[in-house]
Amino acid sequence: LQIGETTGEAGAKFIKEKLGGKAKIGVLQFKSLLPEQSGDRVNGFLSKVKGEGVEVVADQDAWLAEKAVAVAGDIITANPDINIIFAANEGGTVGGVQAVRNAGKQGKIFVFGTDGSEQIANFLLSDDDVLQAVTAQKPYQMGVDAVNTAIAAIEGKPVEKTIIVPVQGLSRTDPEDVKKFKESL
């Protein structure tokens, strides 16, 4: 839920400040792959951006970048007044950005997404102003915590059943933070 909420907070601010409080949103999910995770991310995002003047006009499954380009392109064609695409995973985010570029809608349709990678960081640093914000997970920290927990368990020490690794919001409004994230990869 927090992954979607963090991106949703950036989206809510953007909708208020840049779009006059009105938005038509297309959603790219991965619900047929992992319904609970996809739903949590989408619901987290929508819980932060929902309001009068904000409407979801499309909600499709497309989690691989190649598929997401086509699905997002169809959403753009079917909804000429759409101005935001939210993607619940990296493939959807990449596909959403590419679909906006393919449609020549830079500056008219803005993408908010999920996950962090070098490609996503480059999209946030790009002059085309398409990708606005994402929430990245911290796989390195997840790995460190998993190994440390395994070692503790082997040594017979008590271990936590659940370890929460904080997420990291990345936004084009803070390019220095995006550059630091990219360097950390």
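Among contacts in the protein between residues at least 6 apart in sequence, what percentage join residues at least 24 apart? With contact defined as heavy atoms within 4.5 Å, the share is 72%. The model is predicted, and local features need pLDDT of at least 70, side-chain atom pairs count only at pLDDT 80 or more, and totals for chains, interfaces and linings use all residues. Residues are numbered from 1 along each chain as its sequence is written, and side-chain values use heavy atoms, with hydrogens and water left out.

The protein contains seven helices and six strands, taken as DSSP runs (helices H or I, at least four residues; strands E, at least two) and numbered from the N terminus. Their order along the sequence is α-β-α-β-α-β-α-β-α-β-α-β-α. The radius of gyration, taken over C-alpha atoms, is 17 Å, close to the 16 Å given for 185 residues by the globule rule (2.2 Å times the number of residues to the power 0.38), so the protein is as compact as a globular protein of that length. Buried residues (under 20% relative accessible area, 1.4 Å probe, protein chains only) account for 43% of the 185 residues.

Strand β1 (residues 23-29) is mostly covered, with six of its seven residues buried. Pairing requires at least two DSSP bridges between two strands. β1 pairs in the parallel sense with β2 (residues 54-61) over seven bridges, and Gly 26 stands opposite Ala 58 in β2. The chain passes from β1 to β2 through helix α2 (residues 35-49) in a right-handed β-α-β crossover, that is, clockwise from the first strand over the helix to the second with the strands pointing away from the viewer. β1 also pairs in the parallel sense with β3 (residues 84-87), over four bridges; in β3, Ile 85 is the bridge partner of Gly 26.

Key:
Buried < 20%, exposed > 50% of the residue type's maximum accessible area, 1.4 Å probe, protein only.
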